[in-house]
Amino acid sequence: MQFQRLEDLRIDRDKTQAEIAELLTCKREVYRRYEKGIREIPVWALIQLARYYNTSTDYILGLTNKREPYPKARQQ
């Protein structure tokens, strides 16, 4: 599965693959493979990217077209 939205979000922020790879503390080639769907993106990285782009993981995965993040859960 190709994650076109990862690339779109990155480009919207005027970031390079190298800059996002640095954010995730991985090599640029590893991140490129996430974008192209060659390598499965780990859950921790998906969550970190959703927070960085202020969106939901469902949006990145293509499960919804709503770009807004979900409301934070209340602490009990």
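**Exercise 1. Is tyrosine 52 buried, partly exposed or exposed, and why?**

Start with the ground rules: this is a predicted model, in which local features need pLDDT of at least 70 and side-chain atom pairs count only at pLDDT 80 or more, while totals for chains, interfaces and linings use all residues. Residues are numbered from 1 along each chain as its sequence is written, and side-chain values use heavy atoms, with hydrogens and water left out.

Next, the cut-offs: buried means under 20% relative accessible area, exposed over 50%, and partly exposed in between (1.4 Å probe, protein chains only). Tyrosine 52 has 25% relative accessibility, so it counts as partly exposed.

**Exercise 2. Find the aromatic pairs and classify their geometry.**

Step 1: recall the test. Rings of Phe, Tyr and Trp (its six-membered ring) pair if their centres lie within 6.5 Å; planes under 30 degrees apart are stacked, over 60 edge-to-face, and the rest tilted.

Step 2: count. The structure holds two such pairs.

Step 3: take tyrosine 31 and tyrosine 34. Their ring centres are 6.4 Å apart and their planes meet at 85 degrees, so this pair is edge-to-face. Both tyrosine 31 and tyrosine 34 are buried.

Step 4: turn to tyrosine 52 and tyrosine 53. This pair is also edge-to-face, with 5.1 Å centre to centre and 70 degrees between the planes. Tyrosine 53 is buried, at a relative accessible area of 7%.

**Exercise 3. Identify arginines placed over tyrosine rings.**

Step 1: apply the criterion. A charge sits over a ring if NZ of Lys or CZ of Arg is within 6 Å of the ring centre and within 35 degrees of the ring normal.

Step 2: read off the cases. Arginine 5 lies over the face of tyrosine 59, 4.2 Å from the ring centre. Arginine 13 lies over the face of tyrosine 52, at 4.6 Å from the ring centre.
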